[in-house]
Amino acid sequence: MHDVVIIGGGPAGLSASIYAARGGLKTLLCEEKLMGGQIVLSYEVENYPGFPNGISGMELIENFTKQAEKFGVETSYEGAKSIEDDRECKSVYLTNGSCIKTKTIIIAAGASANKLGCPGEKKFTGKGVSYCATCDGAFFRNKTVAVIGGGDSAIEEALYLTNLVKKVYIIHRRDRLRAIKILQDRAMENKKIEFIFNTIVKEIQGDKLVNGILLENRKTKNMDRLAVDGVFIYVGNTPNTKFIEDLIKLDENGYIFTNENMETNIDGIFAAGDIRVTPLRQVITSAADGAIAASAAQKYIESKL
Ligand code: NAP
């Protein structure tokens, strides 16, 4: 029987595992893919305190992981398929069919990048369509690319791409960006970036590789073809809560409701990070959530002794 099983190895899950294991809890961290979640796709994290010159998402997560290992966190590279609550004994069913018994669970499975859903997106994924500028930007050196979206991710990644490519079009469906002002200002000042507002992508076109996108102006309904070699899509995220939706209370967008102790509607089951209803989704808030959830799990276990 574990004291705590943590589902998800992003900043929230890793931070929870550090606090839980350091607090003496028998801790298992389950991550089905790579440790780190979405932040490993970030070329540079410049707002996590303690790194005045910024740090890459990958390096930051390597540090989190080393710290977790130091305190003896057990890890499993299996995803969670479902969870069951039998009061003091909870079960986590993994993708390999095994069942882990635990006193508490911390759900920190994060969120996944949304798809645009237009024709050509699926066909050209990996052939000019990408969701990760840090991973794929280098393929487009001195070429022309489009970034779709107007949030922090779109603008930050567009700025990163200007270090590599000849030109970046940022295509946004409204006339105002959602991204924070400092990023907006940097993008507006960058000579390699051109904004196309009030516009949606109707189709991603190409032969073997992407060679253009069909755009529609939402106001005039005019259609235009824009020649690009690559399309980077940053149109928000969906929480990874499908596997717990029958048990845990979610909001209308699928995010988990918690209180300030990261408690969900089920005793002994906690949630942390991007997966929960929260006013800010950052590495620092996820890490803080993880710490609070682990401490609350420890108090819950002690209350049952
Ligand atoms: P986001 O804030 O949800 O922004 C998604 C963008 O995509 C919005 O501009 C949205 O348009 C647009 N969009 C959504 N669906 C679309 C569709 N079907 N077609 C065209 N455009 C569509 O997502 P995000 O930028 O990935 O950020 C997620 C969270 O991470 C946010 O809380 C953000 O602050 C945080 N984040 C922080 C940093 C940082 O601090 N350095 C970096 C990256 C992300 P509308 O604006 O019209 O809705």
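Modeller: Contact here means heavy atoms within 4.5 Å, and by that criterion leucine 29 touches Ile6, Gly8, Gly9, Gly13, Leu14, Ser17, Met35, Val73, Glu74, Thr75 and Ser76, leaving out residues up to four places away in sequence. The model is a predicted one, in which local features need pLDDT of at least 70 and side-chain atom pairs count only at pLDDT 80 or more, while totals for chains, interfaces and linings use all residues. Residues are numbered from 1 along each chain as its sequence is written, and side-chain values use heavy atoms, without hydrogens or water.

Colleague: Why is leucine 29 called buried?

Modeller: Buried means under 20% relative accessible area, exposed over 50% and partly exposed in between, with a 1.4 Å probe and protein chains only. Leucine 29 has a relative accessible area of 0%, so it is buried. It sits in strand 2 (residues 27–30), where strands are DSSP runs of E with at least two residues, helices being runs of H or I with at least four, all numbered from the N terminus. Its C-alpha atom is 32 Å from that of leucine 116, 87 residues apart along the chain.

Colleague: Why does histidine 2 count as buried?

Modeller: Histidine 2, in strand 1 (residues 2–7), has a relative accessibility of 10% and therefore counts as buried. Leaving aside neighbours within four places in sequence, its contacts include Lys26, Thr27, Leu28 and Glu74.

Colleague: What makes the pair of histidine 2 and glutamate 74 a polar contact?

Modeller: A polar contact is a pair of N or O atoms within 3.5 Å; within protein, one must be able to donate a hydrogen and the other to accept it, and residues adjacent in sequence count only if both atoms are side-chain atoms. The two side chains make such a contact at 3.3 Å.
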